[in-house]
Amino acid sequence: MPWRLSKVEQIAVKLRVNGRDYSLKVAPNARLLDVIREDMGLTGTKEGCSIGECGACTILMNGKKVNSCMVLAGQADGSDILTIEGVNGSDGELHPLQKAFIDAGAVQCGFCTPGMIMSALELLNTTLEPSEREIKEAIAGNLCRCTGYKQIVDAVQLAARNMLGAKHRH
Ligand code: FES
Ligand code: FES
């Protein structure tokens with residue numbers, strides 16, 4: 001638990017997280033990761049290295065992936081944030097990326113998975129048919145100790161194919 005300043009010294013922060021508006025008082029040194037996990041109870045976002053190197057804490061901030069352990073909550077004031085809890089498909093189903101991670105066997109211990117999905121989502125939001133190289137670049141900041149990455153790349157390719165197929169059907 002990071003050191004917290006007294007109430008008087010806290011700062012006001014407004015955040016939109018997964019479509020819900022929050023007004024919070026936080027310490028000037030509070031990290032966005034802690035506010036998400038502790039103040040909002042959204043523990044799908046993981047803490048691994050705490051120094052911006054593992055990607056376990058990846059979220060989308062205004063559509064761009066960031067390591068939430070490296071962002072102060074105050075810096076994020078006014079931002080629109082998406083965490084893994086806000087990622088879902090139509091009708092409350094799993095998102096095609098989540099389904100593909102399961103189908104391709106890309107989840108083992110699962111610790112890296114939320115961050116991987118957020119990085120892959122940023123890519124698929126802008127790139128309908130990503131190359132293997134683009135996928136590898138997109139997840140380059142996300143470490144996985146279990147899978148060897150092949151299944152993760154396969155999963156992102158599978159999700160891209162399924163999402164494109166669904167687009168053509170509509
Ligand atoms: S916990 Fe943030 S990058 Fe590792
Ligand atoms: S599945 Fe265990 S770290 Fe990636």
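In the hairpin of strand 3 and strand 4, 2 residues lie between the strands, and Asn 62 there takes a positive phi near 50°. Helices (H or I, at least four residues) and strands (E, at least two) are DSSP runs, numbered from the N terminus. The structure is a predicted model, in which local features need pLDDT of at least 70 and side-chain atom pairs count only at pLDDT 80 or more, while totals for chains, interfaces and linings use all residues. Residues are numbered from 1 along each chain as its sequence is written, and side-chain values use heavy atoms, with hydrogens and water left out.

**The sheet**

Two strands pair if DSSP finds at least two bridges between them. An open sheet of 5 strands has the order 2-1-5-3-4, and its pairing is mixed. Strand 2 and strand 4 (64–67) stand at the edges with a single partner strand each, so one side of each is left without a neighbour in the sheet. On average, neighbouring strands of this sheet are turned by 40° against each other, direction ignored. Here axes are lines fitted to C-alpha atoms, for helices over the stretch in contact, and angles run from 0 to 180 degrees between N-to-C directions. Helix 3 packs on the sheet, where it touches strand 3 (58–61), strand 4 and strand 5, and its direction makes about 35° with that of strand 3. Contact means heavy atoms within 4.5 Å.

| Strand pair | Sense | Bridges |
|---|---|---|
| Strand 1 (11–17) and strand 2 (20–26) | antiparallel | 7 bridges |
| Strand 1 and strand 5 (80–82) | parallel | 2 bridges |
| Strand 3 and strand 4 | antiparallel | 4 bridges |
| Strand 3 and strand 5 | antiparallel | 2 bridges |

Val 13 has Leu 24 in strand 2 as its bridge partner, and Thr 58 has Asn 67 in strand 4. In strand 5, Ile 81 is the bridge partner of Val 17 and also of Met 61, whereas Asp 80 is that of Arg 16. The hairpin of strand 1 and strand 2 has 2 residues between the strands, and Asn 18 takes a positive phi near 50°.

Strand 3 is covered on both faces: Thr 58 and Leu 60 are buried on one side, Ile 59 and Met 61 on the other. Buried means under 20% relative accessible area, exposed over 50%, and partly exposed in between (1.4 Å probe, protein chains only).

**A buried loop residue**

Thr 45 lies in the loop between helix 1 (32–39) and strand 3. This threonine, Thr 45, is buried, at a relative accessible area of 2%. Leaving aside neighbours within four places in sequence, Thr 45 has contacts that include Leu 33, Ile 36 and Arg 37, as well as Ile 59 and Thr 83.

**Helix 2**

Leu 97, Gln 98, Ala 100 and Phe 101 are buried in helix 2 (residues 96–103). Viewed down the axis of helix 2, these buried residues fall within an arc of 165°, so they line one face of the helix. The arc is that of the directions from the helix axis to the C-beta atoms. Exposed residues Ile 102 and Asp 103 sit on the face turned away from the buried side. Helix 3 (113–126) and helix 5 (150–169) are among the elements covering the buried residues of helix 2. Just after helix 2, Gly 105 takes a positive phi of about 65°.

The axes of helix 2 and helix 3 come within 10 Å and cross at roughly 125°. That makes helix 2 oblique to helix 3; angles under 35 degrees count as roughly parallel, over 145 as roughly antiparallel, 65 to 115 as roughly perpendicular and the rest as oblique. Leu 97, Gln 98 and Phe 101 of helix 2 meet residues of helix 3, including Met 116, Ile 117, Ala 120 and Leu 124.

Terms used. Chains lettered and ligands numbered in written order.
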